[in-house]
Amino acid sequence: HMESMLIIGNIIKILIFVLWINHVTACCWYGIVSAQQSGDKIRMPVPELVLDKEPNLYTYLTIYHRSLLNWSGDMVVFSLDVWERIYAVFSSIFALVASASVVSSIT
């Protein structure tokens with residue numbers, strides 16, 4: 001019984017870590033995107049998606065979702081400039097290594 005509780009505890013710690021890393025990745029990506037664009041709106045690299053530059057729940061969840069897509073390698077959201085592309089490449093590499101570490105720590 002104690003061993004299963006330790007395993008569940010470790011899985012919860014890993015999940016919290018993954019959620020936190022995606023939050024940091026989303027915040028960094030938001031900073032890169034908002035610094036590159038002027039005005040009070042952020043043009044997202046998704047057809048006809050424009051977000052308020054003023055952070056709100058929808059903006060955060062959209063950017064967090066984009067951050068989660070790096071873990072799966074999905075390219076639903078495209079980069080609009082070279083800085084976004086550079087960040088996307090490095091965050092995708094990090095996500096690949098981190099996800100392999102997560103899987104290996106569970107098994």
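Student: How many helices and strands does the chain have, and in what order do they run?

Tutor: Helices (H or I, at least four residues) and strands (E, at least two) are DSSP runs, numbered from the N terminus. Here you get 3 helices and 2 strands, and the order from the N terminus is α-β-β-α-α. Keep in mind that this is a predicted model, where local features need pLDDT of at least 70, side-chain atom pairs count only at pLDDT 80 or more, and totals for chains, interfaces and linings use all residues. Residues are numbered from 1 along each chain as its sequence is written, and side-chain values use heavy atoms, with hydrogens and water left out.

Student: What span does α1 reach, and what is expected?

Tutor: The expected span of a helix is 1.5 Å times one less than its number of residues. α1 has 35 residues and reaches 51 Å from its first C-alpha to its last, close to the expected 51 Å. For α3 (residues 82-106), with 25 residues, the reach is 36 Å, close to the 36 Å expected.

Student: Which residues of α1 are buried?

Tutor: Buried means under 20% relative accessible area, exposed over 50%, and partly exposed in between (1.4 Å probe, protein chains only). In α1, the buried ones include Ile14, Val18, Ile21, Asn22 and Thr25. Across the chain, buried residues make up 32% of the 107 residues.

Student: Is Asn10 buried or partly exposed?

Tutor: Asn10 sits in helix α1 and counts as partly exposed because its relative accessibility is 39%. Asn10 is also 96 residues from Ile106 in sequence, yet their C-alphas are 7.9 Å apart in space.

Student: Which residues make up the largest nonpolar core?

Tutor: In soluble globular proteins, nonpolar side chains tend to be buried together. A nonpolar core is a set of buried Ala, Val, Leu, Ile, Met, Phe, Trp, Tyr and Cys residues joined through side-chain atoms within 4.5 Å. The largest one here has 7 residues: Ala26, Trp29, Tyr30, Val33, Ile63, Tyr64 and Tyr87. Both α1 (2-36) and α2 (57-72) supply at least two residues of this core, and α1 gives the most, with 4 residues.

Student: What is Ala26 in contact with, leaving aside its neighbours within four places in sequence?

Tutor: Contact means heavy atoms within 4.5 Å. With those neighbours set aside, Ala26 touches Ile63, Tyr64 and Ser67.

Student: And what do the buried residues of α3 pack against?

Tutor: They pack against α1 and α2. Among the buried residues of α3 are Glu84, Tyr87, Ala88 and Ser91.
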